Amino acid sequence: MPPKLLAILFATTLCWSTPLAATEKQTVCTITVNSSDEKEAFRRHLPADKYQFVELVERGRPDWLGSACRAGISCDVLIVSGHFDGSSVFFSDRLEANEHLPVDELERVSCSDSCTGLFSRLKEVHLFGCNTLNPQPLSSSSAEIVRSFVRDGQSLKEAKQQLRSLNAGHGESSRDRMRQVFKDVPVIYGFSSTAPLGPAAASTLTGFFRANGAHEIGKGRASRGLLGSFAPYGMTATQGMTEQDPHAAVRRDVCQFADDRLSDVKRLGFVHQLLQRKTGETRIHLDRIQKYVKLLDDPARRTPEVDHALLGIAGDGAARARFLDFARDADRSEVRARMLDVARDLGWLSAKERRDELATLLGELQTRSVVGMTEVDLACTLNQEQDLNGAFSQRRSPEGAVENVAHAAVRACLGSTAGRARTLQGLVSPHDADVQIARAYLRHRPISDATELRQVAADITLMRASDAQVRALEALGRHYVSDPEILGMLMRLYSETASSSVQAAIAGILLRSDRQSIADARLLGILLKDRRRSPPGDDMVDALIHHLQAL
């Protein structure tokens with residue numbers, strides 16, 4: 001029998017035998033994605049006659065949260081332990097652990113009311129992860145929204161005021177998301193920045209409990225003692241959003257996407273409503289709109305009713321015009337590209353019209369005096385299918401603009417042979433910024449021609465020992481080099497360089513090579529004889545030596 005069901009049966013037995021005690025006993029639910037230190041600290045110090053513990057995570061079972069819902073577990077206290085990426089997921093740093101907790105899943109459970117018992121009576125939540133209650137918005141809408149409001153007839157002052165209101169309600173800081181997820185929960189504990197690691201958190205909890213802190217758990221009010229104990233780590237507390245909250249309407253909008261009880265037809269009806277609002281408000285929900293519309297690519301979801309709802313959106317000419325006007329005015333090219341994708345998926349742009357819009361975008365991008373890795377990544381990503389080749393020739397850079405490696409890399413992403421040659425020259429530039437641009441390009445368009453790769457390797461070996469040379473070697477290493485001519489160049493560089501960092505980068509390339517390529521007894525002797533003194537902890541060469549000794 002699963003441990004979760006055993007816990008429920010045990011709790012039921014207590015209800016039959018000692019009803020008064022069962023009434024007083026609280027259930028502490030734990031979600032242990034990474035360290036169990038925090039959970040065990042609570043377990044050791046909370047009296048067993050007043051608190052029972054249920055671990056919700058079932059190792060090896062991806063739907064463990066759904067399993068907890070079906071098991072009928074009801075939590076009074078929730079403890080979540082795991083690294084947090086600051087926005088979307090709790091995860092583990094252990095390679096063998098597959099468990100994780102997406103905030104989207106918590107959002108779905110909260111909005112769907114499909115798990116009424118699990119979180120419905122929560123008195124407090126403990127989020128042991130970095131930035132779990134960081135108040136800073138994860139993203140902020142830009143001046144393009146102000147311009148859209150002005151186009152809609154508002155004064156500049158009114159437009160800026162509305163933008164501030166939108167950002168406050170929709171900025172989606174991690175604190176705001178947690179408040180939306182744990183609706184009506186009286187106390188949510190978390191960290192506004194870096195949280196303590198498991199052992200340090202457990203030690204702090206032990207000190208808190210020894211100071212008679214146990215009686216402050218599960219009371220539905222913030223504990224001054226707990227906050228004081230974790231004050232050096234920036235622990236903070238808030239409460240779940242209520243219906244009286246000024247931004248309660250934001251949660252209702254979010255739940256229109258997350259509530260799995262709603263049909264696709266109803267969701268599309270809501271999307272259509274959003275698209276009919278002022279475009280600045282629509283822009284706030286772009287991530288959710290794009291993600292949801294993509295789901296409709298699944299043929300199983302394309303019922304006649306869904307197709308009819310999509311046709312209704314496609315035929316809304318006024319919404320289309322507003323949306324495309326906003327997209328073309330977007331300050332960030334990647335936002336514009338995403339909006340064009342949504343317009344295509346909603347039936348507002350044909351494949352050819354989208355391509356023409358993207359070609360215009362990329363042409364305008366090249367007229368900028370400053371282009372960086374973001375633009376290179378965007379150009380290469382948009383042209384993954386090579387259908388935008390040649391778009392680089394549609395616009396010319398403004399007179400006097402610098403034709404640097406970044407501009408060349410954008411053209412290379414769009415099929416320019418000359419642009420590619422210039423970008424590869426950037427890989428061996430003495431300027432680190434040029435090397436970084438070339439590396440960004442090569443992540444999308446690696447070198448497949450053996451002659452070209454040999455030439456690049458030869459040029460890298462002629463660079464001055466520097467951070468730029470190390471980064472160029474790292475870029476070369478991503479090509480999993482096994483060519484004997486290139487490996488010979490690298491070993492000569494290893495022997496001649498005075499830089500331990502360069503030697504470590506070469507060792508990294510050799511470690512990625514296949515065994516047959518490096519199975520040479522002379523190689524081990526060169527590594528030992530010509531090794532430079534390296535800083536403590538820089539053990540890439542050691543790793544290669546051990547690897548060769550084991551062959």
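In this predicted model, the largest nonpolar core comprises 88 residues, and Leu-427, Leu-473 and Leu-476 have the most contacts inside it. A nonpolar core here is a set of buried Ala, Val, Leu, Ile, Met, Phe, Trp, Tyr and Cys residues joined through side-chain atoms within 4.5 Å; buried stands for under 20% relative accessible area, exposed for over 50%, and partly exposed for values in between (1.4 Å probe, protein chains only). Helix H26 (residues 484-496) gives the most to this core, contributing seven residues. Helices (H or I, at least four residues) and strands (E, at least two) are DSSP runs numbered from the N terminus.

Leu-476 touches Leu-453, Ala-457, Ile-460, Val-481, Ile-486, Leu-490 and Ile-509, leaving aside residues up to four places away in sequence; contact means heavy atoms within 4.5 Å. A second, separate core holds 32 residues, including Val-33, Leu-118, Leu-122 and Ile-188.

E8 runs parallel to E7 (residues 124-128), with three bridges joining them, and Glu-124 has Val-187 as its bridge partner in E8. Four bridges join E8 to E9 (residues 235-238), and these two strands run antiparallel; Phe-191 is partnered by Met-235 in E9. Strands pair if DSSP finds at least two bridges between them.

Residues are numbered from 1 along each chain as its sequence is written, and side-chain values use heavy atoms, leaving out hydrogens and water. Local features need pLDDT of at least 70 and side-chain atom pairs count only at pLDDT 80 or more, whereas totals for chains, interfaces and linings use all residues.
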